[in-house]
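Dear colleague,

I am handing over the structure below, and after it I set out what was found. Please read the notes with the model open beside them.

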Amino acid sequence: MTTVRFQLETLSCPTCIKKIEGALNRQQGVKAAKVLFHSSKVKTNIDESIISVEQLEKIITKLGYPVLSIKVS
């Protein structure tokens, strides 16, 4: 498992959390995506043999939330 952290532009409402978490947690290979509203960060664990960091970034961006930075560990 790989831990991925996305720094997003400022989130404007709690509904954003459900939208992002729901979209990511439905993806095969994603384990427990969690959005931290006050810091505008997304943390998740993924199986990179199933889904890539780039695919997750595209999903988040398509939802309307620009990704400012990504940390992978």
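Leaving aside its neighbours within four places in sequence, leucine 8 is in contact (heavy atoms within 4.5 Å) with Ile20, Ser40, Val42, Ile60, Tyr65, Pro66, Val67 and Leu68. This is a predicted model, in which local features need pLDDT of at least 70 and side-chain atom pairs count only at pLDDT 80 or more, while totals for chains, interfaces and linings use all residues. Residues are numbered from 1 along each chain as its sequence is written, and side-chain values use heavy atoms, with hydrogens and water left out.

Leu8 is also among the residues with the most contacts inside the largest nonpolar core, together with Phe6, Ile20, Leu24 and Ile60, and that core has 19 residues. Such a core is a set of buried Ala, Val, Leu, Ile, Met, Phe, Trp, Tyr and Cys residues joined through side-chain atoms within 4.5 Å, where buried means under 20% relative accessible area, exposed over 50%, and partly exposed in between (1.4 Å probe, protein chains only). At least two residues of this core come from each of E1, H1, E2, E3 and helix H2 (53-62), and H1 gives the most, with four residues. Helices (H or I, at least four residues) and strands (E, at least two) are DSSP runs, numbered from the N terminus.

The strands form an open sheet of four, in the order E2-E3-E1-E4, with antiparallel pairing; two strands pair if DSSP finds at least two bridges between them. Strand E2 (30-36) and strand E4 (67-72) stand at the edges with a single partner strand each, so one side of each is left without a neighbour in the sheet. Within the sheet, E1 (residues 2-8) and E3 (residues 41-46) pair in the antiparallel sense over six bridges, and phenylalanine 6 stands opposite valine 42 in E3.

What covers the buried residues of helix H1 includes E1, E2, E3 and H2. Among those buried residues are Ile20, Glu21 and Leu24. Glutamate 21 has no salt bridge, although it is buried, and the nearest side chain of opposite charge, lysine 34, is 4.2 Å away; a salt bridge is a side-chain nitrogen of Lys or Arg within 4 Å of a carboxyl oxygen of Asp or Glu, and Lys and Arg count as positive and Asp and Glu as negative, with His and the chain ends not counted.

Threonine 10, placed in the loop between E1 and H1, counts as exposed, at 73% relative accessibility.

With best regards
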